[in-house]
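Look over the sequence and the fold first.

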Amino acid sequence: MDHFIIQGGHQLHGEIAISGAKNSGLKLMVAALLTDGPLILSNVPDIADIRTMRSLLTGLGLDVHEVDGPHHLSLGGRANSVEAPYDIVAQMRASILVLGPLLARAGEARVSLPGGCAIGTRPVDLHLKGFEALGAEIDLEGGYINARAPAGGLRGARIMLPFPSVGATENILMAATLAKGTTEIVNAAREPEIADLVGCLNAMGAKIHGETSGTIVIEGVERLHGAEYAVMPDRIECGTYACAVGITGGDLLLEGGRMGDQEAVIQALQEAGVSVQEDARGLRVQCNGRLQGIDLTTEPYPGFPTDMQAQFMAMLSVAEGASMMTETIFENRFMHVPELNRMGARINIQGRSAIIRGVPRLSGAPVMATDLRASFSLILAALVAEGETEVSRIYHLDRGYEGVDRKLSACGAAIQRVHNTH
Ligand code: UD1
């Protein structure tokens with residue numbers, strides 16, 4: 001298992017190109033199951049989760065190949081299997097998203113239940129209720145979800161989500177593109193990645209509107225066709241590097257970053273004392289001097305994203321004064337706190353909130369990454385800590401961030417990846 005060695009105390013200056021969004025690219029790849037294609041995707045991030053999705057789709061029978069390097073994929077052909085096996089679903093929860101498209105196109109699907117994961121229990125009940133509303137029969141057996149469409153195929157329905165789940169919205173949305181009649185998803189998630197998926201599906205011939213309004217209307221069509229589509233920039237990667245400037249000070253141009261995708265994050269950065277401006281190339285982020293503590297609560301989009309919670313917590317751990325971070329989306333998403341405290345942070349957890357008392361400095365220590373976003377909070381802390389930090393288990397990070405060491409070292413950070421041979 002690789003690890004990072006980081007020497008803290010270097011400001012960041014320069015430019016970082018923001019990669020394509022993991023949370024959009026994965027879903028756009030799954031959309032290829034809805035057509036014989038080919039679906040040609042550009043700006044695909046070169047990260048482990050995308051490679052896992054490639055194996056899943058190849059295992060289902062699709063032809064997935066690189067057009068011109070790993071950032072450009074062509075996906076075509078028709079699934080000849082309807083099973084997403086345990087070993088892949090256990091590696092990557094987003095595998096559950098093949099259920100809707102398989103059900104819509106092949107009339108059946110068998111997908112391993114994702115089970116628990118590091119950041120909470122994360123059930124899939126809302127996905128399954130949605131499919132039942134479209135007429136599917138679902139049964140759970142031997143750790144698998146078996147789903148079967150009715151004889152004439154899925155039928156449009158009005159589905160009210162009790163919570164705007166991102167995954168449930170996407171899964172139901174994809175299934176409904178090929179259902180008979182109209183489907184309405186009420187209280188749908190409004191994350192920008194959903195609009196990206198709708199953009200791609202409409203380019204493939206789907207008839208979907210309302211994706212930014214909270215009520216998505218899908219008029220089922222007979223079939224979808226191939227298309228070319230560019231994955232949107234990763235707003236979470238962009239926000240993460242903005243936090244890096246907040247914690248070390250300096251000046252970065254985040255190429256491709258967009259304000260419109262992340263107003264809550266930018267507002268929080270500005271409130272804490274980080275300057276963010278948009279120009280034709282992306283977001284210019286600057287910071288000098290000590291930040292101010294602020295209070296934040298994670299919420300569904302357009303609120304402050306849970307995927308930025310750990311990074312802000314690292315940044316606020318060296319701010320002037322106290323901050324409070326309340327996590328409302330996932331239970332058990334504070335696993336980075338004990339690790340940050342080992343580096344000298346003063347963070348106490350009270351139920352769903354964490355109280356962060358700003359300290360003047362952090363100090364390097366060996367720490368362990370626990371999940372994708374938490375891993376980056378440790379890197380951020382290490383960038384400002386006195387001395388050396390070793391971050392182990394960075395395979396969590398490699399799931400979702402492309403070229404972290406390359407991007408950070410080009411801007412002045414002292415970060416080195418060490419390949420372990422055992
Ligand atoms: C997606 C993102 C993840 C992000 C999350 C919230 C991907 C691949 N992942 O995850 O990075 O942190 O959105 O913005 O895009 N829930 C249920 N029943 C369900 C579905 C969800 O109770 O059927 C609960 C979950 O346990 C969780 C909450 O709803 O507590 C949010 O989950 P959801 O919005 O579905 O997130 P994901 O799609 O899993």
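Buried means under 20% relative accessible area, exposed means over 50%, and partly exposed lies in between. The model is predicted.

**A loop residue under cover**

Val 124 has a relative accessible area of 6%, so Val 124 is buried. Val 124 sits in the loop between strand E7 (108-112) and helix H5 (125-133). Leaving aside residues up to four places away in sequence, Val 124 touches Arg 93, Ile 96, Leu 113, Pro 114 and Ile 145.

**A negative patch on the surface**

Glu 132, Glu 137, Asp 139 and Glu 141 gather in a surface patch of negative charge. Which strand gives the most to the negative patch? Strand E8 (residues 137-141) does, with three residues. Asp 139 is found in strand E8. Its relative accessibility is 41%, so Asp 139 counts as partly exposed.

The two residues side by side:

| Residue | Relative accessible area | Class |
|---|---|---|
| Val 124 | 6% | buried |
| Asp 139 | 41% | partly exposed |

**A covered helix**

How many residues of helix H10 (residues 309-316) are buried? Eight of its eight residues are, and the helix is mostly covered. The buried residues of H10 are Gln 309, Ala 310, Gln 311, Phe 312, Met 313, Ala 314, Met 315 and Leu 316.

How values were computed. Residues numbered from 1 in each chain as written. Predicted model: local features only at pLDDT ≥ 70, side-chain atom pairs only at ≥ 80, totals over all residues. Heavy atoms only, no water. Buried < 20%, exposed > 50% of the residue type's maximum accessible area, 1.4 Å probe, protein only. Helix = DSSP H or I, 4+ residues; strand = E, 2+ residues; numbered from the N terminus. Contact = heavy atoms within 4.5 Å. Patch = residues over 30% accessible without salt bridge, like charges linked within 9 Å, V, L, I, M, F, W, Y side chains within 5 Å. Areas by Shrake-Rupley, 256 points an atom, 1.4 Å probe, with all protein chains shown as cover. Salt bridge = Lys/Arg side-chain N within 4 Å of Asp/Glu carboxyl O. Lys, Arg positive; Asp, Glu negative; His and termini not counted. Charge placed at Lys NZ, Arg CZ, Asp CG, Glu CD.
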